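Please take a reader new to this structure through its main features, in running paragraphs, beginning with a group of aromatic residues and widening from there to the chain and its loops.

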Amino acid sequence: MKKLTAFWLFCLFIIFTQPAFAELTPALWQVEKQGKTSYLFGTVHVGDTSMKGLPQKIEKAISNSDAVVVEVDLTALSAVQIQQRSMPFLMLQNGRTLDSELSPQSYQKLDQYFGEKNINIKMFSSLKPWAVLLTMMQIELQNAGYSDEFGIDKQVLASAKQKNKAIIELESLEQQLEMFTVLEEHSDLMVADTLRQLNQFDESFLRLINGWKKGETSVLTEAYEQSFDDSEYGQLNEHVLLIERNHKWIKQLEKTLQKQSLFIAVGALHLGEENGLIKLLQAQGFKVSRI
């Protein structure tokens, strides 16, 4: 299995193939303490029409919960609100431009990528490099037929609202965008990794996604270990994108879990490893077992 970069795993853990999602068996965890039972579910963020419909065990767990916890509820915001709140984080300031933020080699590679798609790179001159990379990912996903409409997070939220469950957000949109600004000094490396992964689009993710669909947590562990290596960039990614957030989330959730039954739906990579939510919950005295 070729090495998967942390940036791609965080942003692109989202590609699906047939069959229908409702027939799949992704991992679901039960969390127990002091007579309260909650659920922990690792999600992915976009898919295609074959994913429509959550597995029955997920629907049942949502029904059995008092509230649903997600990273952020973007369905509560209009497209205009999302744009207004995002732009300050996406845009370069003080005369800086995309080409001034990247090495000539990196900028040339991005220019070639967009040129092959008949898109003028000057359209993105005022955007931060990581914002341009997210745009590239969206282009590739849309071309392959995937969108957030059938993402698991959105379907969990729709189910929760249909069942009149309270929604608890762990973060704001601004907090999620702020994470990427911390990584800005590594823009050239992010560009190189993204372009490399685009060239390995199917091969790199097929094993990972199939493992998630079947609930094979060992595949996620393998991907995690290969992504967050001992380099400065790898360690920074792990700390900013996962570890720091996981510890904050546990502090937010610990007391509520002892009072209410929660259905916690967050990105699948947040669950495993030493600083994952499963072990952090266990360290707080919760019994965590797979259903």
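Tyr-113 and Phe-114 are both buried, where buried stands for under 20% relative accessible area, exposed for over 50%, and partly exposed for what lies in between, with a 1.4 Å probe and protein chains only. This is a predicted model, in which local features need pLDDT of at least 70 and side-chain atom pairs count only at pLDDT 80 or more, while totals for chains, interfaces and linings use all residues. Residues are numbered from 1 along each chain as its sequence is written, and side-chain values use heavy atoms, with hydrogens and water left out.

Together with Phe-124, the residues Tyr-113 and Phe-114 form one aromatic cluster. The structure holds 4 aromatic pairs, a pair being two rings of Phe, Tyr or Trp (its six-membered ring) whose centres lie within 6.5 Å, with planes under 30 degrees apart counted as stacked, over 60 as edge-to-face and the rest as tilted. One of them joins Phe-41 and Phe-263, whose ring centres are 6.1 Å apart and whose planes stand at 50°, so this pair is tilted. Because Phe-41 lies in strand β2 (residues 36-43) and Phe-263 in strand β5 (residues 262-267), the pair ties together parts that are 222 residues apart in sequence. Phe-41 and Phe-263 are both buried. The rings of Tyr-113 and Phe-114, in turn, have centres 5.1 Å apart and planes at 80°, so that pair is edge-to-face.

A ring can also meet a charge: the charged end of Lys-33 sits over the ring of Phe-286, 4.8 Å from its centre, which in these terms requires NZ of Lys or CZ of Arg within 6 Å of the ring centre and within 35 degrees of the ring normal.

Tyr-113 also takes part in helix packing, since Ser-106, Lys-109, Leu-110 and Tyr-113 in α5 meet Asp-188, Val-191, Leu-195 and Leu-198 in α9, with contact meaning heavy atoms within 4.5 Å. Two packed helices are described by the angle between their axes and the distance between the axes. Here the axes of helix α5 (residues 104-116) and helix α9 (residues 187-199) come within 10 Å and cross at roughly 35°; such axes are lines fitted to C-alpha atoms, for helices over the stretch in contact, and their angles run from 0 to 180 degrees between N-to-C directions. The crossing of α5 and α9 is left-handed, meaning that the near helix is turned anticlockwise from the far one by less than a right angle.

For the chain as a whole, the secondary structure comes to 13 helices and 6 strands, taken as DSSP runs (H or I of at least four residues for helices, E of at least two for strands) and numbered from the N terminus. Buried residues make up 52% of the 291 residues, and residues 24 or more positions apart account for 84% of the contacts with a separation of 6 or more.

Asn-164, however, has a positive phi near 60°; Asn-164 is placed in the loop between α7 (152-162) and β4 (166-169) and is exposed, with a relative accessible area of 70%. Glu-273, also not a glycine, has a positive phi of about 70° and lies in the loop between β5 and α13 (277-283), where at 23% relative accessibility Glu-273 counts as partly exposed.
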